[in-house]
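Could you walk me through this model in the viewer? I would like to know what to select next and what is there.

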Amino acid sequence: MKKYVLILTTCMLSACDGLFDIHPYDVKFSGETGINKKQMAVIESHFKNSDTLRVAFISDTHLWLSDARDQVADVNKRNVDFVVHCGDLTDTATAKEYEWSRDILQGLKAPFVALIGNHDYLGTGDQSYGVMYGDKDFSFIAGRVKFVCLNTNATEYDYLAAVPNFDFMEEEMVKDSAQFDRTILVMHAPPYSDQFNNNVCKAFRRYLDYFPGLMFCVYGHNHDDVVEDIYNDGLLFYSIDCAQHRKYRIFTITPDGYEMEHITY
Amino acid sequence: MKWNILLISIALQLCALPALANDNESPSTETAPAPELSAYEKHVQRMTSKWASLIPTHMVIQNAGNMGIVSAGIGWSYGKRHQWECDLMFGYIPMHDSNRGKLTSTIKANYMPWNICLNPNGDWNKKGRWNFEPLSASLYINTVYGHEFWRSQPGRYPDKYYDFMSTKFRLNAAIGQRLTYVIPQSKRQHHNRVTLFYEVGTCDLYVRSMFQTSIPLKDILGLSIGAKFYML
């Protein structure tokens, strides 16, 4: 009998792949991982010296996967240089959901990077994000514009972690300063939202002043499409709508400024 | 809290069922004139037989099924045709790309409505008997241990933000089939029968996903295979 148990156990352990579901939060992926690092390298090499950039910002895919598929098809028609996903790639952060949204985003013809949203933290979700996409704070430079992507999901850490990470922001203000003149700030949750550490909203705004040529900020999370001067000082915050509402924004960045298109598909 | 109470009450009810089943069967076997027992002896007998129903009837081992790479545990089978079963299992989720491996526990109820003998004319005493159960339906609650998982949303979230879910508890459902070999009496050592089974199942989060969007059914279904070794 023991022999059978042993054989059976070996079969079970060795045969586990794809067909078998270990656990929704098992952080076990098939397919591509470490996406942001690879895609940032592509973006930086392709658009380093571009005069104009066409960047699509999408957000909050959650489980509206059919809408997300249509969104990807729509973005593909509009000739953008690259795509930034502002977070909430999943609804309950299971490994399967991470794979589902990744597989859809991989349909994009243009390179893409993705931020972490608050929903992507559930269970072992933040570990999954780390494996599939990479660091939660990251930046890249295209067309002499630095895109600083910040993790602002402070609530997920009970406000105990350095979120937003001011050290990272200080580094980014000066790092590679010869290669960029302007900055765009991307985050999932905007200041004064339920996820932001609202005790530091004003300090956060002060820090933004030190970024060279800060143009505007982009965020997701709220599932709406408002354009707001949150601090009443001229700095615009563009909200990117969720996949369900079938809206997103494309920014065309020129040496003189930028144009924003609000796309409905 | 309500999850704990639910789990405990399910466990207690499932444990009570075999006791009831045994009670129903016992009068028929006691046909011989019983010697006069004192009130105390009757009490002991009653108590022993009740507690005896808590002795596990089988051991179970199975893989996957959203419970870990492999889970093992004990179980109780009851009902006239052993058509009901309750399993208590502990499983292990390997580290994969996460920070560490995790332990899970599962309480599982199985129902097998039909049992077909595959060799009705065979020599059961010599070669044993093969039974096929064309359908097994299972419902189980899996708990995963670790500080990342909460049973209801922590206070940091806005009210009712994650009201629909718990990251710690998963309700799973599965259907499958089973093949049982009843070992001939003369050859029995530790077990009287062995069952091999497979099941295809999914969990609440995946079913919820299906209702929210279009996902192919195969994406939310997982296969599990296992074996049961019956002592009683």
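Here is a short tour, one selection at a time, through a predicted model.

Start with chain B. Its secondary structure comes to 5 helices and 9 strands. Follow the chain from the N terminus and you pass α-α-β-β-β-β-β-α-β-β-β-α-α-β. Colour by burial next: 27% of the 232 residues of chain B count as buried. If you draw the contacts of chain B with a separation of 6 or more, 58% of them join residues 24 or more positions apart.

Now bring both chains into view and select the contact between them. Chain A puts in 35 residues and chain B 39 residues. On the chain A side, look for helix H1 (2–14), helix H3 (65–77), helix H4 (95–105) and helix H5 (125–132), each of which supplies at least two residues. H1(A) gives the most, with 5 residues. Coloured by class, this side of chain A shows 19 nonpolar, 9 polar and 7 charged residues.

Stay with chain A for some backbone details. Most residues other than glycine have a negative phi, and most peptide bonds are trans. Go to Val27(A), in the loop between H1 and helix H2 (35–47); its phi is positive, about 55°. Is Val27(A) buried or exposed? Val27(A) counts as buried because it has 27 C-beta neighbours inside 10 Å.

The last stop is the loop between strand S5 (145–150) and helix H6 (166–174) of chain A, which holds Pro164(A). The peptide bond from Val163(A) to Pro164(A) is cis, with omega near -5°. Tyr159(A) is in the loop between S5 and H6 too, and has a positive phi near 65°. Tyr159(A) is partly exposed, with 14 other C-beta atoms within 10 Å.

Note on methods. Residues numbered from 1 in each chain as written. Chains lettered and ligands numbered in written order. Predicted model: local features only at pLDDT ≥ 70, side-chain atom pairs only at ≥ 80, totals over all residues. Helix = DSSP H or I, 4+ residues; strand = E, 2+ residues; numbered from the N terminus. Buried ≥ 20, exposed ≤ 12 C-beta atoms within 10 Å, placed from the backbone. Contact = placed C-beta atoms within 7 Å. Nonpolar A, V, L, I, M, F, W, Y, C, P; charged D, E, K, R; others polar.
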